[in-house]
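Colleague: I would like to go through this model chain by chain. Please put it up, and I will ask as we go.

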Amino acid sequence: MPTASIDTFIACSLMVLLVLTAMANTSKLLYPYVDGNGMASVTEKYREISKYILLNPGTPANWGENAETVPENFGLAKDDLGTIFDLDVDKVSRLNSENAYALSYAQAFSALGMPEVSFKLEIKPIFDIAINLTATYPSADETTYKFRITTEKNGAPIAAELNYYVIAKEHVAAGFTTAENGEIQLNITISNSVEGPALLVAFARAKSNAKIVSFEAHPFAHNSQEPQYKNAFLRLDPLKNSLSVVFLNQEISVLEAYAFTPDYHAVLKPTLNGNNSVTYAIPQFVSASPTILVVSGLNTTTFFIEWTAYPQLPLQFGADFQNRDTLSNVFAYTYIVTINSALYSCTVWLGGPKS
Amino acid sequence: MRKANTGQVRIIEAFLAVIIVFSAFAISGNLPSNHNVTRKEDLASIGLNALMHLGSDGFLGKCIDNAEWSSIREALSLLLPSGVAFNLTIYDSAMRQINTENIANSGLNSQKTTFVEYICVSQNATFRCYILHLHLAVMA
C-alpha cells in the first residue's frame with residue numbers, strides 16, 4: 001500500500017473520529033433539553049392537575065357533606081378556601097371504600113373531566129404508629145397487658161407524645177406518656193370485673209410539632225374471646241359531623257358511642273334512632289387531630305366494640321398503576337395537606353398514554 | 001494492480017466512515033435523558049409546601065423567636081420525604097444569619113441542589129420579619 005493512501009486513511013479516520021466526538025458531545029449536551037423539555041411539560045401538566053385536585057373544592061363546593069351528591073367537578077379542598085392544601089374532612093372520607101357514601105373511581109374520574117388522565121390518591125399520617133401486645137399478666141382481681149408501641153417514619157424512630165384510651169364495657173381510661181426514642185413499653189391494667197373485649201386507642205403527636213399526628217387502635221381480648229375483625233357487627237359512616245351506625249344483623253344493640261382526640265373525649269348522644277341504625281352527632285373538638293369514633297354494643301349477649309376514624313384515614317383511592325412502567329407515563333407528586341388542622345401526607349399518582 | 005488496491009482501500013475507508021457515523025447516531029440517540037430540571041422543581045415544590053404548613057400557624061415564627069432550632073430541624077425531617085437532604089438558613093430583615101445551630105439533616109454534597117425562599121414573621125408584639133433559605137437535594 002502506498003504511503004499516500006496510509007496517510008489519507010489515517011487523516012480521514014482522525015477526521016471522522018473528531019466529527020464523531022463532536023457529534024456525541026453535542027448530542028449529549030442538547031439531548032436533555034430537546035427531549036427533557038417535552039418531558040418537563042408533561043410533568044408540569046400532571047403537577048398542575050395534582051394541585052388542581054387538592055386546591056379546588058369541586059362542584060358543588062359542599063359535595064362531601066351530602067351523602068347522595070356526586071360531584072360535577074372533582075376537587076378535595078375545603079369550600080371556604082381558608083388556607084391552601086386544606087382538605088375537606090367529608091370529601092376525604094368519601095374516598096374511603098369503608099364509607100357507605102364513598103365515591104366510585106368511575107364517578108371521580110368522570111368528575112375530573114380529563115379522559116386521558118388516570119389518577120390514584122393516597123392520604124395517610126406523616127409517620128406510623130404500631131401497637132403490639134407483647135405480654136399478659138393475669139392476677140386474681142385484675143389483668144395487666146404489656147404493649148410495645150413504636151412511632152417511626154421509614155424505619156427512623158420519631159420522638160412523640162402519646163395519648164391513649166382504653167375502652168371496654170362501661171369502662172374508659174385515659175393516659176399519657178412519651179416515646180422519646182420512638183418506642184415505649186406500656187402497661188395497662190384492667191379490673192377483671194370489666195367485660196371485654198377491650199380497645200386501646202393511641203394518638204402519637206410529634207414532639208417537634210403537635211399538628212403532625214398519627215393514630216392507631218388495637219382491640220384485644222379481656223375476659224372475652226379474641227375480638228372479631230373490624231366491621232363484623234356494625235358499619236360506621238361518619239359524615240358532616242354525624243356518625244351513622246348501621247347494625248349488620250338483627251341481634252345487635254348499641255350500648256355506648258364515644259369520640260376521642262388526644263386532648264378531649266366525649267360520650268356521643270344519639271340524634272336519630274332507627275330500626276337497625278342509630279345516628280350520633282360528632283362534637284367538633286379543637287384538637288389538631290383526627291377523631292376516633294368508638295361504638296360498643298351487644299350481639300345478643302356478647303359484648304363487642306367497633307371503631308373508625310374521622311376523617312377515615314389512611315386511604316388509597318383510584319386507578320391501579322401496577323403495570324405503569326410498560327403501559328403509560330406515571331408521575332407521583334407528594335404534598336403535605338391539612339385536614340382539621342392536622343398534617344397528613346398526600347401522594348397523587350397521575351398517568352396517561354405514553355407519548 | 002496498484003490502482004485496483006488503491007480503489008479498494010478507498011471503499012474500505014468509506015465503509016468504515018459510514019459505519020462510524022451511523023454508530024454515533026445510534027449511540028447518541030440512546031443516551032439516557034436527564035430530568036434534572038424537573039427534579040429541581042419537584043424538590044422546590046415539596047420544600048415550599050413543608051415550610052408553608054409549618055409557617056401557617058406561626059410555628060416557624062415561634063421557634064425562631066425562641067431559638068428552637070432542633071424543633072424546626074425535626075419538623076422538616078418529618079415533613080420532607082425520606083431521601084431528601086436539606087439545609088435551612090434563617091436571616092433577619094437585614095440578611096444577617098440568626099440560626100446559631102446548623103438546621104440540616106445531612107451534608108448537601110449533591111450538585112443537584114434547589115433553593116426555596118420563604119418569609120415569615122414573629123408572633124411577638126415587636127414586629128420581626130425572617131427570611132428562610134432552604135436548600136434541598138436528593139441524597140445519593
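Colleague: How many helices and strands does the secondary structure of chain A come to?
Modeller: This is a predicted model, in which local features need pLDDT of at least 70, side-chain atom pairs count only at pLDDT 80 or more, and totals for chains, interfaces and linings use all residues. Residues are numbered from 1 along each chain as its sequence is written, chains are lettered from A and ligands numbered from 1 in the order in which they are written, and side-chain values use heavy atoms, with hydrogens and water left out. Helices (H or I, at least four residues) and strands (E, at least two) are DSSP runs, numbered from the N terminus. For chain A the secondary structure comes to four helices and 21 strands.

Colleague: What radius of gyration does chain A have?
Modeller: Its C-alpha atoms fill a box of roughly 110 × 50 × 35 Å along the principal axes. The radius is taken over C-alpha atoms, and the globule rule is 2.2 Å times the number of residues to the power 0.38. A compact globule of 355 residues would come out near 20 Å, whereas chain A has 28 Å.

Colleague: Which percentage of the contacts in chain A between residues at least 6 apart in sequence join residues at least 24 apart?
Modeller: Contact means heavy atoms within 4.5 Å. With pairs at least 6 apart in sequence considered, the share that joins residues at least 24 apart is 65%.

Colleague: Is A:Ala342 buried or exposed?
Modeller: A:Ala342 belongs to strand β21 (residues 342–353) of chain A. Beyond neighbours within four places in sequence, A:Ala342 is in contact with A:Lys211, A:Val213, A:Ala288, A:Ser289 and A:Val337. A:Ile126 is 216 residues away in sequence and 10.0 Å away in space, C-alpha to C-alpha. Buried means under 20% relative accessible area, exposed over 50% and partly exposed in between (1.4 Å probe, protein chains only), so A:Ala342, at 0%, is buried.

Colleague: What is the relative accessible area of A:Phe176?
Modeller: A:Phe176 sits in strand β7 (residues 171–179) of chain A. With neighbours within four places in sequence left aside, its contacts are A:Glu161, A:Leu162, A:Asn163 and A:Tyr164. The C-alpha atom of A:Phe203, 27 residues away along the chain, is separated from that of A:Phe176 by 9.6 Å. A:Phe176 is classed as partly exposed because its relative accessible area is 47%.

Colleague: In what order do the elements of chain B run from the N terminus on?
Modeller: The secondary structure of chain B comes to four helices and four strands. From the N terminus on, the order is α-α-α-α-β-β-β-β.

Colleague: What percentage of the residues in chain B is buried?
Modeller: Chain B exposes about 7,800 Å², with carbon and sulfur atoms supplying 57% of that area; accessible areas come from the Shrake-Rupley method with a 1.4 Å probe, and for residues only the protein chains shown count as cover. Of the 140 residues in chain B, the buried share is 38%.
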